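Here's a quick briefing for anyone opening this one up for the first time. Have a look at the sequence and the model, then read on.

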Amino acid sequence: MNTPHIPSDAPYSDSQRAWLNGFFAGMHTQMIQSAGSTNTDDARTVYILYGSQTGNAESVANDAANVAKAHGLKPLVKSMGEIEVSAFASMDYLLIVTSTYGEGEMPDNAQMLWEAACTDAMPRLDNMKFSVLALGDTSYDLFCQAGKDWDDKLAAQGAQRLYERVDCDVDFEEPANSWISAVIPQMADGAKAVVDTTAKVDDKPQYNRKNPFPAKLLVNRILTDASSSKETRHYEISIANSGLSYEAGDALCVVPTNCPELVADILKAIGCKGDEAEPVNGELMPLQEALRTQFEIKLPSKEFVQEIANRSGDQELNGILASGDKEQLSNYLWGRDTLDLLLQFPNSEFSASEFLALLKPLQHRAYSISSSGKMHPEAVHLTVASVRYDSHNRHHKGVCSTFLADLVDNSTEVRCFFTPNKVFRVPEDNKLPIIMVGPGTGVAPFRAFLQERQFRNAEGKNWLFFGDRNAATDFIYQDELLALQESGFLTRLDLAFSRDQEEKIYVQDRMHEHGAELFAWLEEGGYFFVCGDAYRMAKDVDKALHEVIAQHGKLSEQAAIDYVNQLKKDKRYVRDVY
């Protein structure tokens, strides 16, 4: 019994066609189920591999698995970090769901598999049928690059593309669901009619990305000294009566609103009053409210920058765009926001509708949680650096960090939802040691880890590398950490305050200083965690880790690389970097 499909030339949009195909496939499944077939031994196996940095790709992969079960398939969901490249040869049906990290890079859990796939070890895949879902962000130049790379690689090895790759922007739910609805019936087409009658869709919390929980802010206190060059704050947000829960290592996503002063300045710059009614998501909304709650008005979109260049005729900006030099464009835009460009080129006039058409939707911001959900089941703690700087004759503020710091009061809702990170977790074995490297606000999840280990009465040793600019002004959570050290629960606390001496000292320098003991902890089965800046700190820490292992393990450079790769495979070297 074949599943009916909507013809490609039928008068429907792609999303409508995908939905209808899924609908008919569901009817097909119910017909089979009513016939009484319940044997799943011969069900067609579909491998669903995910590459995920923050958990979104993993979530979509599990959604695809639930739909696959309902269509009589046998889905196997795996992190790319769990797969050897040789295993591809046995995968006749494969779905890949992957995000892109940084500037077109593979997520951490996909990097080793990708490197192996780019060698002669990658087998021919002439029997494979596959499809790729790529998650990305159009504000980056190499949009969905990881997904594109996998799509090209599989095809180059002879695999048959069963359904065209779908590239998703930050609002990925609808295209992801359309992809699942379209591709799963094709994976099931022609398969032996087998239905898993035990399959059910996982229960999902009432509050999520599409329906954030309207939380209340309980605590907002400054952690840094008044004389510090930075402002870091501690927040406690109530999730009482939400039905939500979280684990140490997860992230809280906060949906901000824009600064009213910035909205007013933009309205003035484009010559609008703010009461103009504009269509937003199918409904008319006052322009002022739309700019405050619906659109990203801080970071200029690529489309806006290009249109400013076109309308202004500015030779410098047009020259940079024409050259395609990304670094030069990045340098030009450094410190500039949307309002700066409007003020710089006042003759580039925009109507309200023209301006809105060039803006991206306002997105949530994700923050590593700094509390244990077991110790604090009704509240979630965040550690956030407030972004404030002067540039181009204006004072600038971060969107979400100063929303929390300046705009939220007792009557303000903090709309939020959780993003789980199932890899970035305290080890199940309470006896194993953990090493945590988290300078600045990177200490946030490790405060949560320490609370989690305290709650569990974990016997394992705990070692924290922490640092910032100056000890006198930037030693956040100082009393807590020193108390944990004094009690012996925090076995080691190594500090690196870079500007307290003439020669700057960073966490990676402390790693080298104590390299012998660090390696010994790893040899005892220790876990190595890193949180913080991806572009400098995390790379320097990774380099130091390789060097420490090579030196104190008396290993060659390649053997040290293999050692670190094994740590990654065992999920004992895990990063939460941004």
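## Starting at Ala116

Leaving aside its neighbours within four places in sequence, Ala116 touches Val85, Ala121 and Met122, where contact means heavy atoms within 4.5 Å. Before going further: this is a predicted model, so local features need pLDDT of at least 70 and side-chain atom pairs count only at pLDDT 80 or more, while totals for chains, interfaces and linings use all residues. Residues are numbered from 1 along each chain as its sequence is written, and side-chain values use heavy atoms, with hydrogens and water left out.

**More on Ala116**

- Ala116 sits in helix α3 (residues 108–117); helices here are DSSP runs of H or I with at least four residues, strands are runs of E with at least two, and both are numbered from the N terminus.
- Ala116 counts as partly exposed, because its relative accessibility is 23%. On this scale, buried means under 20% relative accessible area, exposed means over 50%, and partly exposed is in between (1.4 Å probe, protein chains only).
- Glu557 is 441 residues away from Ala116 along the chain, and the C-alpha atoms of the two are separated by 18 Å.

- β20 and β21 are parallel and share six bridges, and Asp468 has Phe497 in β21 as its bridge partner.

- β19 runs parallel to strand β20 (residues 462–468), with four bridges joining them. Ile434 stands opposite Asn462 in β20.
- Between β19 and β20 the chain passes through helix α14 (residues 444–456), and this β-α-β crossover is right-handed. That label applies if, with the strands pointing away from the viewer, the path from the first strand over the helix to the second runs clockwise.
- β19 also pairs in the parallel sense with strand β22 (residues 527–532), over four bridges. Ile435 has Phe528 as its bridge partner in β22.

**Helix α18**

- Which residues of helix α18 (residues 515–523) are buried? They are Gly515, Leu518, Phe519, Trp521 and Leu522.
- Among the elements covering the buried residues of α18 are β19, β20, β22, α17 (507–513), α19 (537–552) and α20 (557–569).
- After α18 comes Gly525, with a positive phi near 95°.

**The six-stranded sheet**

- Another open sheet has six strands, in the order β14-β9-β18-β7-β8-β15, with antiparallel pairing.
- At its edges are β14 (365–368) and β15 (379–385), each pairing on one side only.
- Neighbouring strands of this sheet are turned by 40° against each other on average, direction ignored.
- Strand β7 (residues 213–222) and strand β8 (residues 232–238) are antiparallel and share six bridges. Lys216 has Ser238 as its bridge partner in β8.

**Two buried loop residues**

- Glu231 is in the loop between β7 and β8. It counts as buried because its relative accessible area is 19%.
- The Glu231 side chain makes polar contacts with the side chains of Ser386 (2.6 Å) and Arg388 (3.1 Å). A polar contact is a pair of N or O atoms within 3.5 Å; within protein, one must be able to donate a hydrogen and the other to accept it, and residues adjacent in sequence count only if both atoms are side-chain atoms.
- Thr257 is in the loop between β9 (251–255) and α6 (260–270). Thr257 is buried, because its relative accessibility is 16%.
- Leaving aside neighbours within four places in sequence, the contacts of Thr257 include Arg292, Thr293, Leu362 and Phe403.

Conventions:
Pairing = 2+ DSSP bridges. Axes fitted to C-alpha atoms, helices over the stretch in contact; angles between N-to-C directions.
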